[in-house]
Amino acid sequence: MTSDKTSHWKDVLKRRLASKKSDHRTEEQKKAEETELFTKFYSEWKGGSSDSSFKHIPRFYYRLPAEDEVLLQKLREESRAVFLQRKSRELLDNEELQNLWFLLDKHQVPPATGDEAMISYDGFLKVGKEAGTKCKLFFTARVYAKLLNNDPYGRISIMQFFNYVMRKVWLHQTRIGLSLYDVAGQGYLRESDLENYILELIPTLPQLDGLEKSFYSFYVCTAVRKFFFFLDPLRTGKIKIQDILACSFLDDLLELRDEELSKESQESNWFSAPSALRVYGQYLNLDKDHNGMLSKEELSRYGTGTLTSVFLDRVYQECLTYDGEMDYKTYLDFVLALENRKEPAALQYIFKLLDMDNKGHLNVFALNYFFRAIQEQMRIHGQDPVSFQDVKDEIFDMVKPKDPYKITLQDLVTSGQGDTVMSILIDLNGFWTYENREVLVTNESESPSADLEDT
């Protein structure tokens with residue numbers, strides 16, 4: 001039996017070799033035959049055309065048009081514009097919102113809770129039917145359950161529900177507005193896209209009416225940097241529209257529509273005219289040679305002028321500079337990091353500067369390297385330097401890192417003490433504030449009583 005099989009394969013092999021010798025086809029013909037056979041066997045293996053499900057699977061991938069496919073790009077842009085317009089028409093307009101409020105008020109159920117008018121689930125469903133198809137998605141059991149707040153009668157606040165609807169409408173309107181600037185149509189904005197959005201938004205913000213048009217480009221740069229500093233930590237050059245909507249920055253920016261915004265609110269709002277002018281004014285004041293750029297020596301006067309030279313060296317080594325000088329955009333990242341030291345993005349910025357070997361952690365050597373500059377500044381100011389060993393022990397006690405010999409960025413963020421640690425290592429004024437924290441707290445607690453004695 002075995003010998004029969006062996007002789008059979010020998011015959012097959014001989015015939016195959018003989019056919020190869022007498023094969024006078026070209027390489028193209030052989031390739032075509034291979035392709036045909038492959039297609040045939042692959043189709044049989046997959047079930048071929050006999051599987052009717054292939055006809056019902058919708059197409060789910062559409063490649064983006066190339067740069068030279070102008071017509072396809074125009075078609076895509078027009079299609080997106082039409083789609084966004086249709087989505088915009090599906091949103092409630094002011095008249096429909098007023099009608100919704102009228103219906104909610106009409107179906108309120110006593111007794112009121114304080115000043116809040118309430119509505120029952122039955123009334124909620126009735127309003128949903130009367131309000132029209134545009135409101136249908138708001139009148140669901142899930143939405144009602146979300147807004148339940150321990151009312152003894154199982155009702156919800158009319159005002160809370162209406163604010164919920166307003167917020168949803170605003171989010172959709174804003175998403176559509178941002179999507180109009182999404183040139184790629186991929187759900188994110190590049191820096192130039194966001195710049196165009198904010199530039200065209202300026203005339204609609206009464207609080208920016210006093211800005212000179214010549215300052216617009218600097219204002220836009222200042223505003224856009226906050227979005228990219230905090231929402232693009234990997235520096236990809238683009239931000240998801242979802243992330244823009246989820247953060248509070250857009251709320252802060254659109255808060256400038258309020259003509260009666262208080263002075264305190266303006267000063268604490270990065271996007272306000274006073275804040276933007278303050279930051280730009282500081283940049284101009286630091287630029288002593290008026291060349292539009294900042295050298296390390298010029299930046300050393302930033303704030304209280306107590307940042308260590310070692311830290312500033314690292315800033316100019318790691319950050320983007322031009323012939324050793326810093327431009328306004330890089331300066332904005334620097335300011336955002338130092339003014340928001342509690343935020344993870346700011347801690348990441350400073351941590352990268354302190355992590356000289358890019359190891360992802362700070363060891364005792366790194367801490368000592370940067371703290372020696374603090375000790376040197378103390379000597380210059382006639383103060384006795386504090387022992388590094390004491391400071392090192394306090395830092396490790398504050399942070400409580402997972403590894404007792406090194407501190408990671410995650411350790412700093414988790415501990416909630418990252419801003420204090422960074423201030424101790426890079427800024428003499430920050431170290432002095434930490435060192436004298438008990439005295440400062442005592443003075444603050446005593447000041448009200450002192451004021452009362454004076455009166």
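Helices (H or I, at least four residues) and strands (E, at least two) are taken from DSSP runs and numbered from the N terminus. On that basis the protein chain has 23 helices and 6 strands. The model is a predicted one, with an average pLDDT of 89 for the protein chain. Of its 455 residues, 37% count as buried.

**Confidence and overall build**

- A pLDDT of at least 70 is reached by 89% of the residues.
- Residues 449-455 stay under 50 in pLDDT, and the model gives this stretch 0 contacts beyond four places in sequence.
- Among contacts in the protein chain with a separation of 6 or more, 61% join residues 24 or more positions apart.
- The protein chain has an accessible surface of about 28,700 Å², and carbon and sulfur atoms account for 53% of that area.

**Nonpolar cores**

- In soluble globular proteins, nonpolar side chains tend to be buried together.
- The largest nonpolar core here holds 95 residues, and the members that touch the most others are Tyr 219, Phe 227, Leu 299 and Tyr 331.
- Helix α9 supplies the largest share of this core, with 11 residues.
- Residues up to four places away in sequence aside, Phe 227 touches Leu 194, Ile 198, Asp 232, Ile 239, Ile 244, Phe 249, Leu 250 and Phe 271.

- Asp 232 is buried and has no salt bridge.
- The nearest side chain of opposite charge to Asp 232 belongs to Arg 235, at 5.2 Å; a salt bridge requires a side-chain nitrogen of Lys or Arg within 4 Å of a carboxyl oxygen of Asp or Glu.
- With residues up to four places away in sequence left out, Asp 232 touches Phe 227, Gly 237, Lys 238 and Ile 239.

**Salt bridges**

- The model contains 18 salt bridges.
- One of them joins Glu 191 to Arg 225, where the closest N and O atoms are 3.3 Å apart.
- This pair links distant parts of the chain, with Glu 191 in helix α8 (residues 191-201) and Arg 225 in helix α9, 34 residues apart.
- Both partners fall under the 20% cut-off for buried: Glu 191 has a relative accessible area of 19%, and Arg 225 has one of 6%.
- Glu 191 and Arg 225 also belong to a network of salt bridges that includes Lys 329 and Asp 333.
- Asp 427 forms a salt bridge with Arg 341, and their closest N and O atoms are 3.9 Å apart.
- Asp 427 lies in the loop between α21 (418-426) and α22 (428-435), while Arg 341 lies in the loop between α16 (328-339) and α17 (344-354), so this pair ties together parts 86 residues apart in sequence.
- Asp 427 is buried at 7% relative accessibility, and Arg 341 is buried with a relative accessible area of 15%.
- Glu 376 pairs with Arg 379 in a salt bridge whose closest N and O atoms are 3.4 Å apart.
- Glu 376 and Arg 379 are separated by about one helical turn, because they are 3 residues apart in helix α18 (residues 364-380).
- Glu 376 is partly exposed at 42% relative accessibility, and Arg 379 is partly exposed with a relative accessible area of 46%.

**Other residues with contacts beyond four places in sequence**

- Gln 375 is in helix α18 and counts as buried at 12% relative accessibility.
- Apart from neighbours within four places in sequence, Gln 375 is in contact with Pro 385, Val 386, Ser 387 and Phe 388.
- Gln 375 and Ser 387 are 12 residues apart along the chain, and their C-alpha atoms are separated by 8.5 Å.
- Glu 96 belongs to helix α4 (residues 94-106) and is partly exposed, with a relative accessible area of 27%.
- Leaving out neighbours within four places in sequence, Glu 96 is in contact with Leu 91 and Lys 134.

Technical notes: Residues numbered from 1 in each chain as written. Predicted model: local features only at pLDDT ≥ 70, side-chain atom pairs only at ≥ 80, totals over all residues. Heavy atoms only, no water. Buried < 20%, exposed > 50% of the residue type's maximum accessible area, 1.4 Å probe, protein only. Lys, Arg positive; Asp, Glu negative; His and termini not counted. Contact = heavy atoms within 4.5 Å. Core = buried A, V, L, I, M, F, W, Y, C linked by side-chain atoms within 4.5 Å. pLDDT = per-residue confidence, 0-100. Areas by Shrake-Rupley, 256 points an atom, 1.4 Å probe, with all protein chains shown as cover.
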